[in-house]
Amino acid sequence: MMSHRLSPEHEELRRTVEEFARTEVAPVIGDYYERAAFPYDIVAKMGRMGLFGLPFPEEEGGMGGDYFALCLALEELARVDSSVAITLEAGVSLGAMPIHRFGSPEQKATWLPRLCSGEALGAFGLTEPDGGSDAGATRTTARLDGGEWVVNGTKCFITNSGTAITALVTVTAVTGTRPDGRPEISAIIVPSDTPGFSVGQKYSKVGWSASDTNELVFVDCRVPEANLLGERGRGYAQFLRILDEGRVAIAALAVGLAQGCVDESLRYAGERTAFGREIGRYQAIQFKIADMAARAHTARLAYYDAAARMLAGEPFKKEAAIAKLVASNAAMDNARDATQVFGGYGFMNESAVGRFYRDAKILEVGEGTSEIQRMIIARELGMPA
């Protein structure tokens, strides 16, 4: 029979990150969140723990683990705070993973040791002002001139792109025209100190307030021709692969938020009294928390399955979309119900569930909206386009 029990190594990692989140993140993250400040000290501690190098081989500076280990870490971090979790998720699956998957030996040697150690962050420049879900509608361009790519364009909503430790952004850009008339899209590594590359104002966001998100502008930004990542014209296909993997990671993060809502509601239901007894004795509260636990459990099984298929080298596009859809729905529903359990205290930003409520919605939007996930699932089921 198939078992979803964790291996001893995975369970040890899970417990280690759980303790870190509880003792190092939980006591201080509320202050960072209210100030919309990036938690550099927490990120540095995660780097020393090896979390940014979890799924990468040791010869590239990583920990020699697997992608499922990253997912477990993300779930445990998000049980306490999603800003910290998304910083890790984006740094690994969107910043470093494209270089690991598609980079040349020189590119890997140059960038991965620092990215795996957490000393530097990488970002993933895909989304544009006129191209969100329609990622193929790229307007940023890159043309070759004297052995250099000249990049012009704008990217938006880019995580980890404007911190003091951001080292690079990998951008998709139109580098020509295909024989069928469609744009040729390639991926190009742009170091953060490149002239012509500027970071716009930090966004004022509904949630994820302690994470870094910015607009990026490229004006005649010149980088060496060797900064092409992977094959010319394969940038869009490469990033679709990265997004498939990233959806499993986002699903794990969403499960963490959903489980955090259960944790906080259980604690509060045992402490809060109304009409002479703990509110956890009332069936209305019991049923609400039971539904929350069921959602988190179901979503966890979905991302476990998608991760297992990915690591086995099996097709996992549909399962990743299912996991992302189910888990983001669970996070949103649990955040709403946890706020109801807490009542007025749940509406206060100082409470963890208040932050959970603000953080949950983006999970139904980022790395592919729920509508995009349904389109992928339908297509993978063989339904007509």
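User: Let's start with Phe157: in which element does it lie?

Analyst: Phe157 lies in strand E3, residues 148-159. Strands are DSSP runs of E with at least two residues, helices are runs of H or I with at least four, and both are numbered from the N terminus. This is a predicted model, where local features need pLDDT of at least 70 and side-chain atom pairs count only at pLDDT 80 or more, while totals for chains, interfaces and linings use all residues. Residues are numbered from 1 along each chain as its sequence is written, and side-chain values use heavy atoms, with hydrogens and water left out.

User: How should I read aromatic pairs, and how many turn up in the whole structure?

Analyst: The idea is simple: rings of Phe, Tyr and Trp (its six-membered ring) pair if their centres lie within 6.5 Å, and planes under 30 degrees apart are stacked, over 60 edge-to-face, the rest tilted. Here the search finds eight such pairs. In one of them, Phe197 and Phe218 have ring centres 4.9 Å apart and planes at 10°, so they are stacked. Phe197 belongs to strand E6 (residues 197-202) and Phe218 to strand E7 (residues 213-224), so this pair ties together parts 21 residues apart in sequence. Phe197 counts as buried at 10% relative accessibility, and Phe218 is buried too, at 2%.

User: Which parts of the chain does the pair of Tyr268 and Phe342 link?

Analyst: First the geometry: Tyr268 and Phe342 are stacked, at 4.1 Å centre to centre with 15° between the planes. Tyr268 sits in helix H6 (residues 235-271) and Phe342 in helix H8 (residues 317-342), so distant parts of the chain, 74 residues apart, are linked. Tyr268 is buried with a relative accessible area of 10%, and Phe342 is buried at 6%. Elsewhere, ring pairs join Phe68, Tyr303 and Tyr304 into a cluster.

User: What does Leu363 touch?

Analyst: Begin with its setting: Leu363 is in the loop between helix H9 (352-360) and helix H10 (370-380), and at 1% relative accessibility it counts as buried. Contact means heavy atoms within 4.5 Å. Leaving out residues up to four places away in sequence, Leu363 touches Trp208, Ile250, Leu253, Ala254, Leu257, Lys324, Ser328 and Ala331. From Leu363 to Ser328 the C-alpha distance is 5.2 Å, although they are 35 residues apart in sequence.

User: How does the chain as a whole read: how many helices and strands are there, and what share of residues is buried?

Analyst: The chain holds ten helices and ten strands, and buried residues make up 53% of its 385 residues. Along the principal axes, its C-alpha atoms fill a box of roughly 80 × 45 × 40 Å. Of the contacts between residues at least 6 apart in sequence, 73% join residues at least 24 apart.

Definitions and conventions:
Buried < 20%, exposed > 50% of the residue type's maximum accessible area, 1.4 Å probe, protein only.
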